Amino acid sequence: MAEINQRRIAASTEAKRTAGGILLDIRRNKLLYAMLLPVLLYYAVFHYAPMYGAMIAFKDFSPRLGIWGSEWVGFEHFETFFTGAYFWRTIKNTILISLYELIFGFPAPIMLALLLNEVKNAAFKRTVQTVTYMPHFISLVVICGIVKDFTSSEGVINDVIAFFGGQRTTFLLEPELFRSVYVSSGIWQHIGWGTIIYLAALTGIDPEQYEAARIDGAGRWKQMVNVTIPGIMPTIVILLILDIGRMMNVGFEKIILLYNPGTYETADVVSSYVYRVGLQDFNYSFSSAVGLFNSAVNFTLLVLSNWLSRKWNDTSLW
């Protein structure tokens, strides 16, 4: 009993020391914490406060009655979604598009950063960076308009196909081609912007490591394999964990701008389904239940990928 009391006293003392250290740090760095305050307020107001509304996923929500006045229905909306005709279609499409983006889109900025790192001509390097960054700053609506024009039967891509003797086709009217168009256009739009983080990580590699590799007789390729890639591996792992944690968050904006009823079979994802049911059919409770399920899956994937990363290579978010 005495030992337990000693542990409690020690824990209480440590907690007081920690609290005192935090208060002392706040007093010493008032300006830094003041700069942090708007960010905390943003997340509190726009991300955490709205979580109160997730309650309507368990109610038959009526705007007239409000959240508290609406009837409690428990897991009824979740059961409706799980047993509905669109459950497996939306889950399958979401996972497949996310996997394609992970397999083809995630390595793309890494490879571009590695290639740019090997370029010695500064002017050419800046030109490539500028050209590849530009699509990221173009409005998504404009991007989707460009994609539609380029992939139409009279578009540039079909002109190239026809030049080599191929048959013209409207890509976005073919269900089996939708995912390829979606993923490849995403790579084109974001590959340059994604290289920023990796190029910044490359600057943190000690030049002496390259010098030691050259002394050992390593060429450019072996230097990249044995020095460059291991040097940015922690950054790659962290970004991979974050991407896995967003696997179910395929943005509905781009999907809605590109798909049509003829391509629902391969294009309809969870977020676009929530948009149609929630905003177009005014079924707010059902769409909230689907969105809550989607967030729960993302959270589970994030925790699992972080645990696996920490177990395998000691790199993790927490």
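The model is predicted, so local features need pLDDT of at least 70 and side-chain atom pairs count only at pLDDT 80 or more, whereas totals for chains, interfaces and linings use all residues. Residues are numbered from 1 along each chain as its sequence is written, and side-chain values use heavy atoms, with hydrogens and water left out.

I begin with the salt bridges. The term denotes a side-chain nitrogen of Lys or Arg within 4 Å of a carboxyl oxygen of Asp or Glu. By this rule there are five salt bridges.

In one of them, R89 pairs with D268, with 2.8 Å between the closest N and O atoms. This pair links distant parts of the chain, 179 residues apart: R89 lies in helix α5 (residues 87-105), and D268 in the loop between α14 (264-267) and α15 (270-280). Helices here are DSSP runs of H or I of at least four residues, and strands are runs of E of at least two, numbered from the N terminus.

D268 also meets R276 in a salt bridge, at 2.8 Å from N to O.

D268 is buried, at 0%, and R276 is buried, at 13%, while R89 is partly exposed, at 21%.

A further salt bridge joins R168 and D159, with the closest N and O atoms 2.8 Å apart. Both partners are partly exposed: R168 has a relative accessibility of 33%, and D159 has a relative accessible area of 37%.

Definitions and conventions. Buried means under 20% relative accessible area, exposed over 50%, partly exposed in between (1.4 Å probe, protein chains only).
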